[in-house]
Amino acid sequence: MLLSPAAVSVANAAPTTAVGGGSGIVISGKYLCTMTTVGHDRSGNLVGLTAGHCGNLGAPISLERNRGAGTIGRIVTKSKSWDVAVIRLDPSRVRPVRSVGPARISRVGTYPQPFSNVCKSGRTTGYTCGPTLVSEGATAFNYVCAAPGDSGGPIISNGRVVGMLNGALTIAGPGTSIECVHPALPIYTPMVATKMTDIVKVLNRTTAVGSGFRPV
């Protein structure tokens, strides 16, 4: 049976659900985290990155603000020594975008030097900015508002994703951190980020999904 022109149009329609760096995601139907950035690997797979502690291999991923889109992907690569996970996304369900709210990502960039400002986008505390305090090896510490659920959020500088939010510094003694309640209340422990250039290097040493990652 021949399809009508209208039916053909519907069958070939591109997915309308956008996903990008800063999108709130739900792992295994219950854990909330944030997508770092979305792009393609060297094999052409549509993939997204997030913090490794957000879920285990095979965990299904859905969008916090559009549960109707169903499972948009699954965690397929997870580092044993780095807090990084790769999500293989279903291109029939989602459309990759460079901008999510005020967060815009055009490429991977180098982490700025201490005392330079960076911004982060997270599903819990939104888009917040502040200075880089320390930059050592693959890690940077920043006085930027963040809270649980922001894990995996992109660290952005001049439109480039320079890092991934992985947590907060803990206070000596009790071993806890002071969560940021609101950006207007500047009493919280600094945010900890992993530099994006190092994440890409680690992925590129493998043949796993995510190797050769480049943002859309």
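**Notes on charged residues in this model**

1. Let's start with R107, which is partly exposed, as its relative accessible area is 47%. Keep in mind as you look around that this is a predicted model. R107 sits in strand β12, spanning residues 107-108. Together with R98, R104 and R160, R107 makes up a positive surface patch.

2. Next come the salt bridges. Side chains of opposite charge can pair when their charged atoms come close. How many salt bridges does the count come to? The count is two.

3. One of them joins R123 to E64, with 2.5 Å between the closest N and O atoms. This pair ties together distant parts of the chain, 59 residues apart. R123 lies in the loop between β13 (117-122) and β14 (126-136), while E64 lies in the loop between β6 (60-63) and β7 (73-78). R123 is partly exposed, at 26% relative accessible area, and E64 is partly exposed too, at 25%.

4. The side chains of D90 and R93 also form a salt bridge, at 3.6 Å from N to O. D90 counts as partly exposed because its relative accessibility is 25%, and buried would mean under 20%. R93 is likewise partly exposed, with a value of 38%.

5. Finally, have a look at D198, which belongs to helix α2 (residues 196-204). Which residues does D198 contact, leaving aside its neighbours within four places in sequence? They are W82, G137 and A138.

Terms used: Residues numbered from 1 in each chain as written. Predicted model: local features only at pLDDT ≥ 70, side-chain atom pairs only at ≥ 80, totals over all residues. Heavy atoms only, no water. Patch = residues over 30% accessible without salt bridge, like charges linked within 9 Å, V, L, I, M, F, W, Y side chains within 5 Å. Areas by Shrake-Rupley, 256 points an atom, 1.4 Å probe, with all protein chains shown as cover. Salt bridge = Lys/Arg side-chain N within 4 Å of Asp/Glu carboxyl O. Lys, Arg positive; Asp, Glu negative; His and termini not counted. Charge placed at Lys NZ, Arg CZ, Asp CG, Glu CD. Helix = DSSP H or I, 4+ residues; strand = E, 2+ residues; numbered from the N terminus. Buried < 20%, exposed > 50% of the residue type's maximum accessible area, 1.4 Å probe, protein only. Contact = heavy atoms within 4.5 Å.
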